[in-house]
Amino acid sequence: MLPFRLTQHLLTTYRGIRAVRFYICVGSKSRTVWPFVGAIQRLVTWNQSPCSIPQVSKLKTYCSLFMEDSEPTLLKRACPSEEPIHTSKRPRVNDKNGAPASELAKEEVEECEDEGNEDELPEEEEEVDGSGETFADMMKHGLTELDVGILKFVSDHKGFSGILKERYSDFVVHEINKEGKTVQLDDLSLPVEPEEVTPEELPVEAKVLTEEQKKELEELQLFKNKEGSVSIEVVDDTKEKRTQVHRAVKNFYPGLETKTEEREGRKFIVAYHAAGKKALAAPRKHSWPKNRGAFCHFVLYKENKDTMDAINVLSKFLRMRPNVFSYMGTKDKRAITVQEIAVLKITAERIIHLNKCLMNLKLGNFTYKKHPLKLGELRGNHFTVVLRNINGSVEQVQQAMSSLGETGFINYYGMQRFGTTAVPTHQIGKAILQNNWTEVVDLILKPRPGAEKSYLVRCREEWAKSQDPEAALKKLPVKRCVEGQLLRGLSKYGMKNIVHAFGMIPRNNRLMYIHSYQSFLWNTLVSRRVEAFGFKAVEGDLVLRGGTAHVLTAEEVEKHSIHDIVMPLPGFDVIYPTHHVGKGYREIMTADDLDIDNMRHRIRDYSLAGAYRLILIRPQHVSWEIIHYDDACVPLVHTDVEKLESKPAPVYLTEGKYRALRMEFSLPPSTYATMAIREVLKMDTSIKNQTQLNTRWLN
């Protein structure tokens, strides 16, 4: 029983980590023990949690005891008639927006993602190569906020420390839809179908068909009619009568077409399948009720999984292409998020069935509508964030949260915009804009310090040694990552045609590099502007009037506050502030060997129109409380799924070993919650700094 108790403890302690269970139950005996131990080691490193667990050195003994048990059985079976989703194979969907989501939407562009049609990655290949270094030592090569222009704060309160996302359940995001309603998962029932129209309410066309003809047409529609057509004789042969029959068939039996035939002096309306035998492959498309909206909208609740991965999982189970799904924005991976999804002509019955099969996903709140969702339609996101182990006084927290609600925070682009490795994405973006394609290849493929998967390290080393794309590609068991796509392109087109080779990388990933460069300039120049003028409107600043930028005159300054001021992202369709800070755009870009007056690239995709972004953001619906707890692993947020399952809400202690700040606020799209949290804590939010903080706390 010892192995079972250990397994149960690990699974309950690290909420949402199903990979451990998968390894134990599915892995062969020869591959169960060491991946299991490695998973726990990586888990402890990532979570940096003080939870009490058995020493890793003893896990090998426990696992060997577990192997003596009977043959493992699968704890979570796949849906009937559906293919199981293997955790080691994750198809990837590319975001079509190219713009940042509200919070942590962009993962590091250079991180390899497993692709569904690739060979399964051997367990030992998943290890992070650190040459014996701790995770904190490896992350010392990462970026800090100073590296990407994040320098200033709004409030003058004294900062305090706290740990962000110690558990992914400490970060909960609810989408705010275009009607301004916060999206929540609170209903797992099927939607009420539109009521059938009574015979009295039927249009004239429906009354021209007899009950026998309706039955024959229904059988034809469902491919139960062996004749392949239904002939309806028009007794009263008038054009009006024939038109009514044509309309009745087409309106009430989608997928059927009609034609008029004359036989022995009599007129017949012949109904037949428009798509012929091809329609047999997908009859559901031709039997969708006309009074039901074509799109099934539902709420997607996900834990520790990004939006793209979740949609890939759904599409695989439903045997549909990912592009039939639409959404308003992407959400974080390391979080619990709730958002609306729409899918074309898939019934709620098919979708709700997946709740029996899916891990870390829940689907509900089904409705049928006539329209899909569009990127950017959302009003914003509502965040519930827990900062654990804070050391600030009540007065410090009070001052920080009051400032956040009343004044707001500087609308910087967050650290996730610039990647997590020693090679920032904005440097690659600069090289693209410079047409320095050799530098682009070098920055993406060259060896770098820090934490990376071992196969990526070997790939980079091979490239540095041989400059042979084929040889480097062989080091990658997973080809559908940025490095793999680029190497494929170089293998196909050669080093003399890097532009085409680079084009093998998905478009939105390529654009993210140049958007990162824009973001770097924006952060840098906003910090300069705050340093020069503080938080007041000045002559030469920009404000938006009806979507058009306007330069403030000395007379207009008094009518505007800092909350009205915008700064431009550089491009060919923007203007710049006329004060000396505005000239900084030209200075930096000239130093980077770029022409600010010619932002149209010879490759159209890389031409930058530019945009405007508010300097300060004031969150809405701000609330907070300091809570106490003794168990560092206890969840402190009541999730939608827990509410549905009638599980009790977390009980906060009046006194405890640890203190946490639980805060809630709403933000508009394309703003970063980490920057709001940074303003509260007055701390660097980079992974490098957070890792060092967690390590100090553990020690």
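N304 is partly exposed, because its relative accessible area is 22% and the label covers values between buried, under 20%, and exposed, over 50%, computed with a 1.4 Å probe on protein chains only. The place of N304 is the loop between β7 (295-303) and α8 (307-318), where helices (H or I, at least four residues) and strands (E, at least two) are DSSP runs numbered from the N terminus. Although N304 and L361 are 57 residues apart in sequence, their C-alpha atoms are 9.3 Å apart in space.

The model is a predicted one, in which local features need pLDDT of at least 70 and side-chain atom pairs count only at pLDDT 80 or more, while totals for chains, interfaces and linings use all residues. Residues are numbered from 1 along each chain as its sequence is written, and side-chain values use heavy atoms, with hydrogens and water left out.

One part of the structure to look at is an open sheet of three strands, in the order β4-β6-β5, with antiparallel pairing; two strands count as paired if DSSP finds at least two bridges between them. β4 (229-233) and β5 (256-263) are the edge strands, and since each has a single partner strand, one side of each is left without a neighbour in the sheet. On average, neighbouring strands of this sheet are turned by 25 degrees against each other, direction ignored. Between β4 and strand β6 (residues 266-273), which run antiparallel, there are five bridges, and V230 stands opposite A271 in β6.

Two helices belong to the surroundings of this sheet. Helix α6 (residues 211-221) packs on it, touching β4, β5 and β6, and its direction makes about 160 degrees with that of β4; contact here means heavy atoms within 4.5 Å, and the axes are lines fitted to C-alpha atoms, for helices over the stretch in contact, with angles from 0 to 180 degrees between N-to-C directions. Helix α7 also lies across β4, β5 and β6, running at about 150 degrees to β5. Within α7 (residues 239-252) is H246, which counts as buried because its relative accessibility is 18%. If neighbours within four places in sequence are left aside, H246 is in contact with T258, K259, T260 and I269.

A second open sheet has four strands in the order β15-β14-β16-β17, and its pairing is antiparallel. Its edge strands are β15 (548-551) and β17 (611-614), each of which pairs on one side only, and the twist from one strand to the next averages 55 degrees. Strand β16 (residues 565-569) and β17 run antiparallel and are joined by four bridges; in β17, Y612 is the bridge partner of P568.

Helix α17 lies across β16 and β17, at about 145 degrees to β16. The 27 residues of α17 (residues 507-533) should span 39 Å at 1.5 Å a residue, and this agrees with its end C-alpha atoms, which are 39 Å apart; the expected span is 1.5 Å times one less than the number of residues. Because 23 of its 27 residues are buried, α17 is largely enclosed by the rest of the structure. Just after α17, G534 takes a positive phi of about 70 degrees.

The largest nonpolar core has 98 residues, and those with the most contacts inside it are I444 and F502; such a core is a set of buried Ala, Val, Leu, Ile, Met, Phe, Trp, Tyr and Cys residues joined through side-chain atoms within 4.5 Å. With eleven residues, α17 gives the most to this core. Residues up to four places away in sequence not counted, F502 touches I432, W437, V440, I444, L486, R510, Y513 and Y606. A second, separate core holds 28 residues, among them L314, I351, F366 and Y368.

N365, which is not a glycine, has a phi of about 55 degrees and lies in strand β10 (residues 361-369). N435 has a phi near 60 degrees and is found in the loop between α11 (425-433) and α12 (437-445); with a relative accessible area of 31%, N435 is partly exposed.

The structure holds zero disulfides, a disulfide being a pair of cysteine sulfur atoms within 2.5 Å. The sulfur of C459 is 7.3 Å from the closest cysteine sulfur, in C481, which is too far for a bond. C459 counts as buried because its relative accessibility is 2%, and C296 likewise counts as buried, at 0%.
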